[in-house]
Amino acid sequence: QVQLVQSGGGSVQAGGSLRLSCTASEYTYGSSLVAWFRRAPGKEREGVAVIYTHVGRTYYGDSVKGRFTISQDNAKTTIDLQMNSLRPEDTAMYYCAAGGPGITPVQALGDGRELPYWGQGAQVTVSA
């Protein structure tokens, strides 16, 4: 079973930056893509970024496009989410998740129900 361990997150003022990391227990997590999701209090979970690990192709949610960057290391065991120009509305619990082939970018940036492997979550708080 693939295990995902998250690190990073924390608190920052608006306009600042934070970085999240997601480390897998095996190469490519036995899957094809890794995505970052977030859930703010009272809101549905939403996908913010996804990377197809074999080809390195990335996709972003509209709310973070141009501000967040998803990347993977050469060993393809760690996926990072660099978050710049953070806003108070980015405050949420962030999760990484991994999934197998056949998951489309639309699905990967949805609510994540198609992805079977999840990290433990990390809080990101952005103050005004």
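User: Is Asp-90 buried or exposed?
Analyst: Asp-90 is buried, at a relative accessible area of 0%. Buried means under 20%, exposed over 50%, partly exposed in between, with a 1.4 Å probe and protein chains only. This is a predicted model: local features need pLDDT of at least 70, side-chain atom pairs count only at pLDDT 80 or more, and totals for chains, interfaces and linings use all residues. Residues are numbered from 1 along each chain as its sequence is written, and side-chain values use heavy atoms, leaving out hydrogens and water.

User: Which residues does Asp-90 touch?
Analyst: Arg-38, Arg-67, Phe-68, Ser-85, Val-124 and Val-126, not counting residues up to four places away in sequence. Contact means heavy atoms within 4.5 Å.

User: New topic. How many aromatic pairs are there?
Analyst: Three aromatic pairs. Rings of Phe, Tyr and Trp (its six-membered ring) pair if their centres lie within 6.5 Å; planes under 30 degrees apart count as stacked, over 60 as edge-to-face and the rest as tilted.

User: What kind of pair do Phe-37 and Trp-118 form?
Analyst: A tilted one, with 5.0 Å centre to centre and 45 degrees between the planes. Phe-37 is buried at 0% relative accessibility. Trp-118 is partly exposed at 26%.

User: And why is the pair of Tyr-52 and Tyr-59 edge-to-face?
Analyst: Because the planes are at 85 degrees, with the ring centres 5.9 Å apart. Tyr-52 is buried at 15% relative accessibility, and Tyr-59 is partly exposed at 28%.

User: Which residues do ring pairs link into a cluster?
Analyst: Phe-37, Tyr-95 and Trp-118.
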